[in-house]
Structure formats: C-alpha cells, structure tokens
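The reader may wish to keep the structure in view while going through it.

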Protein chains: 2
Amino acid sequence: MRPLHHPAVRDITVEGVLYALADPVRLQIFAELRGSDCAQICSEFLVVDKKELPKSTLSQHFKILREAGLIRSERKGVEMHNTTRCEELQERFGPMIRSILEAYLRSHGRRRKRKA
Amino acid sequence: MRPLHHPAVRDITVEGVLYALADPVRLQIFAELRGSDCAQICSEFLVVDKKELPKSTLSQHFKILREAGLIRSERKGVEMHNTTRCEELQERFGPMIRSILEAYLRSHGRRRKRKA
DNA sequence: TCCCGTTGTTCGTAACTTGTGAACTAATGG
DNA sequence: CCATTAGTTCACAAGTTACGAACAACGGGA
C-alpha cells in the first residue's frame with residue numbers, strides 16, 4: 001500500500017477543493033467530519049444518507065478529499081482516522097470553506113451527528 | 001432551439017453550484033462575468049486562459065452554468081447576453097459565492113478584464 | 001508465533017460523462 | 001432571399017467514475 005499523500009497548503013487549489021466538494025456523498029462526509037468533535041474512521045460512512053456504499057467507492061471518496069487537501073487521514077492500527085484541515089484551509093482561502101458548509105447545512109436541515 | 005431554462009432560486013442547490021464551478025474554464029468564465037460591469041456574450045470566451053475552445057464546448061459550459069442557476073442568459077438578436085445571478089444567490093446561500101470568487105481571484109493573481 | 005477477523009486499498013472493467021466536429025437553427029443586414 | 005454571424009444540437013470518441021474481487025496491513029487471541 002502506497003503511503004498517503006497530503007498536499008502542502010500552498011498546493012491546494014480552489015478548483016480542486018470545489019471538485020472534491022461537488023459530489024453529494026463527499027460533501028456530506030466532509031460536513032459530518034467538520035461537525036464531529038473527534039476524528040472519524042472511514043467505515044462510519046458505509047451508510048450515507050440512508051444509502052449503502054461499497055467500501056471501494058468509499059475509499060476513493062476519501063482519497064479524493066485527502067488529495068484535494070480537505071482532510072487529513074492517519075492510520076491508527078487497523079483504522080483510518082480522518083479530520084478536516086479547516087484551519088489550514090481558512091488560512092489559504094479565507095471564509096470559503098466555512099461559507100460552503102453553512103450553505104450546505106442550511107439547505108440540508110442542519111442535521112448533524114453529535115458525538116460522545 | 002429549445003427555450004433557455006433558468007431554475008428558480010429555491011431550486012438551486014449547493015452541490016449543483018459547486019459542480020458547475022469545479023471546472024477551471026467555467027470558474028474563470030463566471031469570475032469574468034462577475035468582474036465585468038455589463039453583460040458578456042458567449043463568444044467573448046472563445047479563447048480562455050490563452051487556450052482556444054470549440055464553440056460547441058463553450059455552449060455546453062454556458063448551459064451548465066445557466067442550469068446550475070449561476071448565470072442568466074438572454075438572447076439579444078443573434079447574440080447571447082450573459083450576467084451572473086449573484087444577488088439571488090446571495091439571498092439563498094449567503095456569502096458562499098462571494099467567498100469562492102475571492103479565493104479564486106486571490107490565487108489567480110486577481111487579473112480581471114476591465115471593460116469600457 | 002501463527003491464524004483470524006477487521007479495516008481499508010488496488011485493480012480491472014462496465015457504466016457513465018464529457019469534449020468535439022459537423023450539421024443545424026435563428027436573427028440580421030444587404 | 002441569400003450570406004453572415006452567433007449559438008445549439010447530435011452522435012460518437014475519449015476520458016472518468018463506480019464497484020466487485022482480490023489483496024495488504026494491523027491487532028488480538030490461543
């Protein structure tokens with residue numbers, strides 16, 4: 001398995017970020033990662049929006065989010081721990097990410113997973 | 001030729017907007033439309049970013065921007081006059097569109113076409 | 001240590017999407 | 001009307017994405 005690749009902040013592009021977030025599944029994953037107060041593992045998302053996803057598909061989605069610079073993934077034992085890179089993103093893109101998430105949450109009934 | 005379709009504000013989605021703006025050509029077209037103080041015709045963009053585009057491709061890009069709700073197109077004689085729908089979009093999505101454009105302009109050297 | 005179960009990745013390919021030339025529609029001016 | 005200019009539609013080639021099957025990595029027993 002090749003090592004995970006996380007782009008440096010300066011290599012993250014607006015187009016790349018928008019591309020990654022343009023998919024409904026990825027946008028929801030990203031929003032839930034953001035809404036959660038601790039790292040989430042990939043398999044938390046095997047069911048997204050009442051729809052079951054194959055794990056190969058899920059793995060691709062995480063890869064795209066990661067390589068767009070939106071999330072950071074760390075292997076912890078057998079699991080993958082994912083967090084958003086919102087602080088770095090804000091440094092680079094200002095309020096863009098936040099305002100996207102706000103618009104998304106507003107139009108999707110602001111459901112969010114409250115974690116223990 | 002079938003009539004142009006512009007979605008109502010309430011039918012515009014975050015995902016649809018992000019999808020439309022995720023393409024570098026469309027993002028640049030949208031940014032230039034926004035930066036310009038009068039309506040622009042499609043063929044203004046036959047060359048984008050020093051690269052020539054076939055007009056069928058350009059027509060598709062405008063269609064996608066239009067149907068995502070980002071621009072309004074009106075036929076004026078033989079030409080198509082395009083403007084952004086930023087006011088309506090702001091009503092629906094708050095500062096999202098503005099902050100995307102700002103991030104884009106910031107990272108692309110803020111070149112913009114100043115019109116007569 | 002050696003299996004076993006769990007988690008996630010890679011690969012191959014089928015299904016879908018996008019880009020583009022050619023043909024077409026529409027409006028205008030001569 | 002015919003020619004010209006602007007943009008759209010169509011069909012298909014080229015490119016991209018989704019997903020099952022096989023694989024790799026780790027951790028916990030026995």
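## Contacts in the predicted model

The surface near DNA strand C is made up of ten nonpolar, seven polar and three charged residues. The model is a predicted one. In it, 20 residues surround DNA strand C, and the closest are A:Ser43, A:Ser56, A:Ser59, B:Pro54 and B:Ser56. Helix 3 (55-67) and strand 5 (79-84) of chain A each supply at least two residues of the surface near DNA strand C, as does helix 3 (55-67) of chain B. Four residues come from helix 3 of chain A, which gives the most to this surface.

The two protein chains also touch each other: 19 residues of chain A and 19 residues of chain B take part in the contact. On the side of chain B that touches chain A, helix 1 (14-21), helix 2 (24-35) and helix 5 (96-107) of chain B each supply at least two residues. The largest share of that side, seven residues, belongs to helix 5 of chain B.

Within chain A, the axes of helix 2 (residues 24-35) and helix 5 (residues 96-107) come within 11 Å and cross at roughly 105°. Helix 2 of chain A is therefore roughly perpendicular to helix 5 of chain A. From helix 2 of chain A, A:Leu27, A:Ala31 and A:Arg34 meet A:Leu101, A:Tyr104 and A:Leu105 of helix 5 of chain A.

The table gives residue classes by site.

| Site | Nonpolar | Polar | Charged |
|---|---|---|---|
| Side of chain B that touches chain A | 13 residues | four residues | two residues |

Notes:
Residues numbered from 1 in each chain as written. Chains lettered and ligands numbered in written order. Predicted model: local features only at pLDDT ≥ 70, side-chain atom pairs only at ≥ 80, totals over all residues. Axes fitted to C-alpha atoms, helices over the stretch in contact; angles between N-to-C directions. Parallel < 35°, antiparallel > 145°, perpendicular 65-115°, else oblique. Contact = placed C-beta atoms within 7 Å. Nonpolar A, V, L, I, M, F, W, Y, C, P; charged D, E, K, R; others polar. Near = placed C-beta within 6 Å.
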